[in-house]
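Hi,

Here's the structure I promised to pass on. Have a look at it first, and then read on for what turned up.

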Amino acid sequence: MVTRSAGAVERSEPAYRFDFCGGHPAIDFTNTVGNRGDEPEEHLHTYGDLLAWARARGVVSRGEASKLARRAQDDVDAAGRALRRAVDLRETLYALMSAVVDRKKPEKQLLARLNDYVSDTFGAAHLAVEEGRLTLKTPSDDRLDAMLTPIVRSAIELLTSDGAARIGRCADKGCAWLFFDTTRSGTRRWCDMKVCGNRNKVRRFRAG
Ligand SMILES: [Zn+2]
């Protein structure tokens with residue numbers, strides 16, 4: 001049954017601004033949970049939250065976002081499924097990237113979980129010509145979880161490149177956010193110097 005409701009596309013925390021200090025779309029996506037190492041705070045409660053993140057991060061265009069919002073209102077159940085899938089993908093990516101940071105071989109099960117998204121995204125992918133240039137079309141283009149395609153794509157590009165060695169985790173244990181380290185020395189420690197960096201400086205000062 002199709003139920004129409006505005007609830008699906010409403011944001012749960014309209015004042016919350018998503019943080020993109022991770023510096024990479026797939027990494028920023030894993031940072032939609034605050035305080036990961038302490039008491040995790042979920043920021044993707046509704047499909048509207050997911051869509052707002054995707055729009056703000058630029059993984060969907062304004063036009064695509066309004067189309068998806070309309071369709072989510074028309075099919076709340078499908079929107080709920082898309083949200084659950086997004087959260088599952090996010091946690092899979094976080095676990096896999098954490099293993100990479102710790103230089104650990106990822107568990108088979110974890111890799112299999114990500115591979116479900118890989119085959120779902122690319123299983124029927126094909127090239128087509130659009131506006132005079134080649135574009136990779138994927139079967140999810142018309143689905144409510146269409147925003148996961150660019151996330152999966154950028155995650156694969158990152159994880160299979162030399163850039164994987166540049167994935168880091170915030171040195172604040174309670175935060176545990178991931179980031180892409182673009183410093184020449186590869187010694188970035190904090191997700192955000194202004195937040196975790198300063199907080200830990202203050203802590204060290206007090207302790208000393
Ligand atoms: Zn941090």
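Let's start with a question: which residues of α2 are buried? They are Y47, G48, D49, L50, L51, A52, W53 and A54. Before you go further, keep in mind that this is a predicted model.

So much for the list; now the setting. Just past the end of α2 comes G58, which has a positive phi of about 80°.

As a bit of background, nonpolar side chains in soluble globular proteins tend to be buried together.

Leaving out residues up to four places away in sequence, Y47 touches A8, V9, A72, A79, G80, A82 and L83.

Now for a contrast with α2. Strand β3 (residues 126-130) is hardly covered, and the count of buried residues among its five is zero. How many bridges join β3 to β4? There are five, and β4 (residues 133-137) runs antiparallel to β3. If you want a pair to find by eye, A128 stands opposite T135 in β4. The two strands make a hairpin with two residues between them.

E131 sits in that turn, with a positive phi of about 50°, and E131 is a residue other than glycine. Is E131 buried or exposed? E131 counts as exposed, because it has 5 C-beta neighbours inside 10 Å, and 12 or fewer is the cut-off for that label.

There's another non-glycine residue with a positive phi: N35, at a value near 45°. You'll find N35 in the loop between β1 (33-34) and β2 (41-42). N35 has 13 C-beta neighbours inside 10 Å, so it counts as partly exposed.

Cheers

How values were computed: Residues numbered from 1 in each chain as written. Predicted model: local features only at pLDDT ≥ 70, side-chain atom pairs only at ≥ 80, totals over all residues. Buried ≥ 20, exposed ≤ 12 C-beta atoms within 10 Å, placed from the backbone. Helix = DSSP H or I, 4+ residues; strand = E, 2+ residues; numbered from the N terminus. Pairing = 2+ DSSP bridges. Contact = placed C-beta atoms within 7 Å.
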